[in-house]
Amino acid sequence: MKKKPNIKLIIGGIVIVIALVYLVISATRSNTQYFMTVNELLTQQSELQGQKLRMSGAVVGESIQYDPASLDLSFVVAQIPGDHKVIAEMGGLAKVLADAVADPNAPRITIHYTGVKPDLLKDEAQAIVTGSLDAEGVFQATELLMKCPSKYESELPDQVGD
Amino acid sequence: MFILGFGSFALAAIIMLVCLGLTIGQLARKQHEISKTVRLLTNLGFSLHSLSILTLLYLQITQDYSISYVVNVINPALPTYLRVTALWGGQAGSLFFWSWIINFCLVIALNRRHILQDNWGYLFTLINLIFFSGISMFLENPFKRVWELTDGNLAESLFSPAAGAQVYSGLIGQGLNPLLRHWGMIIHPPVLYIGFGAFLLPFGETLSHLMVKGDGEELIARLRPWLLVAWIFLTAGIALGSWWSYDVLGWGGYWAWDPVETSSLIPWLVSTGLLHSMFLQQKKDIFKRINVILILSSYLLIIFSILITRAGLISSVHAFGESAITIPLIVFLLASVVFSAAVVARRWKKMDSGWEFKSWFSRDSLFLYTLIILVAIALVCTWGLLYPLISRVFTGTEVTLDRGFYDRAATPLLILLVLLMAVCPLVGWSVSNLKKLGKRYLIPLLVAVLATAAAYIWLSKSWVALLAIFIIALGLAVLVAVTWRDLHKVEKPLSTFWKMRSRYGAFLVHTGILLIMLGIVGVEGLSDSIQGTLIPGDKMPLGEYGVEFVELTSNYDTPEYLSVRAQIDLWKGDEIVARLTPGQDVYEARSQYVSIPGKRSTLAGDFYTIMLDYDLMMGYVSIQATINPLVNFMWIGAFFLCLGAAFSLSSPIVREQALGDLEEDEN
């Protein structure tokens, strides 16, 4: 027996799909962040200013400054490649991070964040930072994600602060 | 010990392959009944698999550092219970544990003789078992040993990698990461894995049903208990993870839309939709196709979640890092999806249930809306998860979506969902109209308006919080009203209540959802926070509380770390109500520390303190104190979810009988 397609259902379906697509597109548009390296940030500094970005770099331990009274946290990160494959070719994440921190000529950028200092923020950790560049070229972070690989511990959990 | 562990695993793997061969052979001869030999072999294989797991545990507990996995996750200072939990603390061990869980589920199903009694069902489940065991065997073997080569270098391998190499046990590991040393680690991963594994059985059974018969009848009745059990474990697993994340500072709080969290929520959403639509099939014999699709999707989405967690494609709190298992997992997932889709397509016509859309306000339609919203949220989450990959493929640069995306796209849908849930129980089964409904809602609406007004005066002026409180109050009032309507006229209300466990179990689950929402309102909308630097004797106020710093203490509980604690007296009015000890465990050798929050939990909320900084010489500390009102309703709500589902599970769906009379009396 062939049923007649139900007009109510079809209209309802179309309305739902349109609403969902609108919701997803509008939310996507206002919340995207480009994933960049320190190098890319520095070379495109002027165009990127004020845009929401996500970047990754190697934490330079001696640059970490933290004022627990105001929760002002700042530190410097050094350039590491953004591509997993390149990192693997260069000898793994731990080595890439250590080399980046040791290399005084590696491009660097200062991160500023207000909030509780993540436990895993330390020398040669990988920082994945969300935020935007301000007029002085300082990266104002809204979210920090830390990774620290080490030789006999490939399964380290990461840590977020927000 | 290595020989025992690896050998029993290898034997178990060979037995799996033998079973595979036997089963395929039988199917080729069109025999559907699982043979005695296969049953016996499966049990034997499981015993060997278990022996292998026990051996690995033994190696961990006795710290055999010739095993590379032990070096990864164990160190001498680790207490015994953490040496056990280290089984799921690293990639290789947790994958091995996962394959064992699958085997465990298979054996239970096989021996209970309730589902998976056809060769097809056994075959599909076995293929999953073999796939994940294969990954453990060839790509992430937990029994790999450390070898010293003749040139002094170390290598990692099962058997001697070169002539003259010696097993080396001189490496002492750093042990389980300090962040994983928490009792959440004991229970969250296994519970979640059982939930994941339990969805495999309905998946296998459904595919088998489609291969053999394929009309969608009776399937749900048989699968209901298994699906409920799987859902309970999945729910408990997610809730425990959320609770752990809240209890340990720095993992982003109770929910951070982290990719791994999100990926476990997707199968939860879909299976929750399934619980609703399968109820309709049991009552009215409709939605057969949808149910089959949802059962299959639930498990496929679990494999997807494993892929997200394991492959390191997307940066996440839980990430295990880059791994060789990515490609095999993707291939396996795609093959499973294509195969499932083909099988469903083949039986599509046969599963027609002739449902017609009759009214916008019937219970059928409301169940359908619930399902649509749940699936829509799952789609939003999937989009959010995959967007970095999609954008990398199409634009070359990786673009990620932040929390704001979920807040904006998922929150409206979640609110709509809970609103629907609040309204639904008062709507009759088939056709309803608005006028009749209006009468039933009068009292619950009144309650909700009063609650919202009270909240406006005493709690919050934020409209989102007020809307949420309105919905919560409405939902609870409706549940009470319906229960009253059901029971106040019957002669023996208690025995009717007991008889209708499947119905009131669902009510309990809904109560749980409303309580969780209440907890979220508390944390997101009503919390208050302060921070300050204090010397002994200083006091800082927060709400009706006072935080007094007494002294800074430090001592070595174990040689591994120095535990620094701020001793804080929590004042409420003129009396001290609690001693809080937030602090840090400092692992000097690995230059890492773990913050330990100090908190006081009551039903009204948590008083949560963190030590931000300290100076042992000067004796000052910086403290952040936060009041999270109502937060514990989240965990209570999660408990209700599991309790309600278990309550429901203890009884079959009551088809007609008393329930029918109660339900339809006003229609």
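What percentage of the 162 residues in chain A do buried residues make up? The share is 39%. Please keep in mind that this is a predicted model.

**Chain A at a glance**
- Chain A has five helices and seven strands.
- Read from the N terminus, its elements follow the order α-β-α-α-β-β-α-α-β-β-β-β.
- Of the contacts in chain A between residues at least 6 apart in sequence, 58% join residues at least 24 apart.

**Helix 7 of chain B**
- Helix 7 of chain B has 15 residues, which at 1.5 Å a residue should span 21 Å, and its end C-alpha atoms agree with that at 21 Å apart.
- This helix is largely enclosed by the rest of the structure, because eleven of its 15 residues are buried.
- Among those buried residues are Met185(B), His188(B), Leu192(B) and Phe196(B).
- The cover over them includes helix 4 (80-85), helix 5, helix 8 (200-212), helix 9 (219-247), helix 10 (259-284) and helix 11 (288-311) of chain B.

**Where helix 5 meets helix 7 in chain B**
- Helix 5 (residues 91-112) and helix 7 (residues 184-198) of chain B pack at about 50°, and their axes are 9 Å apart.
- That angle makes helix 5 of chain B oblique to helix 7 of chain B.
- The crossing of these two helices of chain B is right-handed.
- Helix 5 of chain B contributes residues including Phe97(B), Trp98(B) and Ile101(B) to the contact, while helix 7 of chain B brings residues including Pro189(B), Tyr193(B) and Ile194(B).
- Nine of the residues in this contact of helix 5 with helix 7 of chain B are nonpolar, two are polar and none is charged.

Definitions and conventions:
Residues numbered from 1 in each chain as written. Chains lettered and ligands numbered in written order. Predicted model: local features only at pLDDT ≥ 70, side-chain atom pairs only at ≥ 80, totals over all residues. Axes fitted to C-alpha atoms, helices over the stretch in contact; angles between N-to-C directions. Helix = DSSP H or I, 4+ residues; strand = E, 2+ residues; numbered from the N terminus. Parallel < 35°, antiparallel > 145°, perpendicular 65-115°, else oblique. Left-handed = near helix turned anticlockwise from the far one by under 90°. Contact = placed C-beta atoms within 7 Å. Nonpolar A, V, L, I, M, F, W, Y, C, P; charged D, E, K, R; others polar. Buried ≥ 20, exposed ≤ 12 C-beta atoms within 10 Å, placed from the backbone. Expected span 1.5 Å × (residues − 1).
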